[in-house]
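Please look through the sequence and the structure shown here. The report after them describes how the parts of this chain are arranged.

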Amino acid sequence: MSPANEPGAESPADAQGVRSVQRAVDIMSLLSEERPVVTVREIVAATGLAKTTVIRLVQTLEQNGLLWATPNGYQPGPGLWRWAHLARSSWELPPETRKAMRDLGARRRETVNLYMLRDIYRVCVAQQESPQPLRHVVHVGDELPLWAGASSKALLRDAPDSLLTRIAVSSPYGEGHVRRLREWITEAAHRGWAVSHGERDDGLSAVAVPILGRTGKVVAALSLSGPTVRFTDDQVELFAADLQQVAKEMSERGFDHPFGPAR
């Protein structure tokens, strides 16, 4: 029996379908707040696809309402409104949690982020920006690596060795980074909070604590982040204490979210 005929084997048609979906996603990913309109020429340059292929994909996306043709190029289509509304209602945090993040940001004047695990990444699922001109900001939905950072150390407390190995392999340091990850995670678990200074981006610091589900497992990480110059030892201690109190309240209310149901 040839590999293509083996049970569960992916057929050439299936493989082609997956490639087409990925190409469509790549095209949609070119759109952003900074670039709300994209031309066929820009898509060809960014993706390396043939112009005929790009035109075919763009026309399919337009027919399904995901893109909208304008004199200057293609912008997000009206069909995305339905998905955006669904995503917002599905991912929206309880009012109490949003208020707690707003209050924490107002008290500490640093950016508040809520992260959850997704495979070998941490995903920002909510944010309260710092009111200060010099601040750290990521976008809700951004996927960040787990091989460094205070939030990673808090999130990975219950991670199996197999996941830590995969994370280490994806890092700039290779599989040997597992040892350092374990040391960081153990230290954070012992203290109840984690801190990082310039581990992923120079000049950026963060303090993070885990949010626990009903069974005591880590379901999310709550963090404060900003310029390292403002994260002195004294401030880090204050940030950690405040984060722990807010995370405790979230855990006691029961933290529920589509990415990780309360456990």
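Predicted model: local features only at pLDDT ≥ 70, side-chain atom pairs only at ≥ 80, totals over all residues.

## Pairing of the strands

Strand β3 covers residues 111–118 and strand β4 residues 121–128; the two pair in the antiparallel sense over 7 bridges. Within this pair, L114 stands opposite A126 in β4. Strand β3 also pairs with β8, in the antiparallel sense over 5 bridges. Here Y115 stands opposite A221 in β8.

Strand β8 is paired with β7 as well, in the antiparallel sense over 9 bridges, and I211 stands opposite A220 in β8. The strands β7 and β8 form a hairpin with 5 residues between them. In the turn of this hairpin, G216 has a positive phi of about 90°. Is strand β8 mostly covered or mostly uncovered? It is mostly covered, since 10 of its 10 residues are buried.

Helix α1 (residues 12–29) packs with helix α3 (residues 51–63) at an angle of about 80°, and their axes are 10 Å apart. Angles of 65 to 115 degrees count as roughly perpendicular, and α1 and α3 are therefore roughly perpendicular to each other. From α1, the residues S20, R23, A24, I27 and M28 make the contact, while α3 contributes T53, L57 and L61. By class, this contact of α1 with α3 has 5 nonpolar, 2 polar and 1 charged residues.

Helix α3 packs with α2 too, at an angle of about 115° and with the axes 10 Å apart. In passing α3, helix α2 makes a right-handed crossing. The residues V40, I43, V44 and T47 in α2 meet K51, V54, I55 and V58 in α3. By class, the contact of α2 with α3 has 6 nonpolar, 1 polar and 1 charged residues.

## Two single residues

Residue E42 is found in helix α2, which spans residues 40–47. What is the relative accessible area of E42? The value is 32%, and E42 is therefore partly exposed, because this class lies between the limits of 20% and 50%. Leaving aside neighbours within four places in sequence, E42 is in contact with R35 and V37. From C-alpha to C-alpha, E42 and L30 are 9.0 Å apart in space, and they are 12 residues apart in sequence.

Residue T97 is found in helix α5. With a relative accessible area of 4%, T97 is buried, because buried means under 20%. Leaving aside neighbours within four places in sequence, T97 is in contact with M250 and R253.

How values were computed: Residues numbered from 1 in each chain as written. Heavy atoms only, no water. Pairing = 2+ DSSP bridges. Helix = DSSP H or I, 4+ residues; strand = E, 2+ residues; numbered from the N terminus. Buried < 20%, exposed > 50% of the residue type's maximum accessible area, 1.4 Å probe, protein only. Contact = heavy atoms within 4.5 Å. Axes fitted to C-alpha atoms, helices over the stretch in contact; angles between N-to-C directions. Parallel < 35°, antiparallel > 145°, perpendicular 65-115°, else oblique. Nonpolar A, V, L, I, M, F, W, Y, C, P; charged D, E, K, R; others polar. Left-handed = near helix turned anticlockwise from the far one by under 90°.
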